[in-house]
Amino acid sequence: MAAPLEFYFDFYSPYGYLASTRIDALAQKHGREVIWRPFLVGATFTVTGAQPLVDIPLLGDYSLHDMQRCARELGVPFQLPENFPKGALAPARAFYWLVDDEPALAKALARVVYHATFGEGRDGTDPQLVADLAAPLGIDREQLLAAMQTPEVKARLKQETETALQRGVFGSPYIFVDDEPFWGNDRLEQIDRWLATGGW
């Protein structure tokens with residue numbers, strides 16, 4: 001069976017959110033699965049010298065306009081949360097607490113957190129909100145809140161972020177197709193063609 005796609009994303013990445021709404025369907029079209037890999041994109045800024053798009057003069061205004069336009073094209077809701085951007089530790093830690101034993105559940109939680117954050121404009125960095133969103137999925141909210149604070153889960157997210165950097169990941173979304181890297185929501189169409197043709 002063909003190797004799965006690897007989907008690196010930050011939970012506070014608007015373009016990561018947009019890509020998350022279609023990456024699995026795109027992969028399934030080509031008989032592939034997707035491994036979701038949250039990381040902290042802020043850790044890359046010290047390496048690249050970059051900063052959040054919305055904080056850059058001129059580019060910030062354009063990127064917000066583009067995010068809204070892309071969301072309309074995809075037919076998905078979009079609302080930037082207040083006090084954006086922030087470090088999304090809580091949802092990433094929650095994901096890694098779940099993923100080894102319950103990968104489908106971890107991905108389901110990622111989807112509802114992304115929707116709450118960019119579909120509804122809520123603070124997806126808030127551990128209480130993450131726990132509230134997890135409860136309807138059958139995840140014990142108090143157990144989840146406690147797990148987010150354990151040294152093991154904190155270390156896992158740190159290691160996953162370091163591994164992303166070692167692999168050359170510098171933005172969100174960042175997708176590997178058989179070790180071929182693609183950066184950006186606007187590369188999904190190219191990924192579709194790459195999978196269809198075997199690459200070029």
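Select R167 and F176 to begin: R167 lies over the face of F176, 4.0 Å from the ring centre, where a charge counts as over a ring if NZ of Lys or CZ of Arg is within 6 Å of the ring centre and within 35 degrees of the ring normal. This is a predicted model, in which local features need pLDDT of at least 70 and side-chain atom pairs count only at pLDDT 80 or more, while totals for chains, interfaces and linings use all residues. Residues are numbered from 1 along each chain as its sequence is written, and side-chain values use heavy atoms, with hydrogens and water left out.

Next, select L5, which together with I191 has the most contacts inside the largest nonpolar core, a set of 52 residues. Such a core is made of buried Ala, Val, Leu, Ile, Met, Phe, Trp, Tyr and Cys residues joined through side-chain atoms within 4.5 Å, and buried means under 20% relative accessible area, exposed over 50% and partly exposed in between, with a 1.4 Å probe and protein chains only. Leaving aside residues up to four places away in sequence, L5 touches several residues, including I23, V34, F176 and I191, a contact being heavy atoms within 4.5 Å.

Now go to G124, in the loop between helix 6 (103-119) and helix 7 (127-134); helices here are DSSP runs of H or I with at least four residues, strands are E runs of at least two, and both are numbered from the N terminus. Is G124 buried or exposed? At 3% relative accessibility, G124 counts as buried, and the residues that G124 touches, not counting those up to four places away in sequence, are Y12, P91, V113, T117, L129 and V130.

One runs from F84 to P85, with omega near 0°, and P85 lies in the loop between helix 4 and helix 5 (89-99). Another joins S172 and P173, with omega about 5°, and P173 is found in the loop between helix 9 (151-166) and strand 3 (174-177).

L58, with phi near 70°, is in the loop between helix 3 and helix 4 and is exposed, because its relative accessible area is 73%. N83, with phi near 55°, lies in the loop between helix 4 and helix 5 and counts as exposed at 60% relative accessibility.
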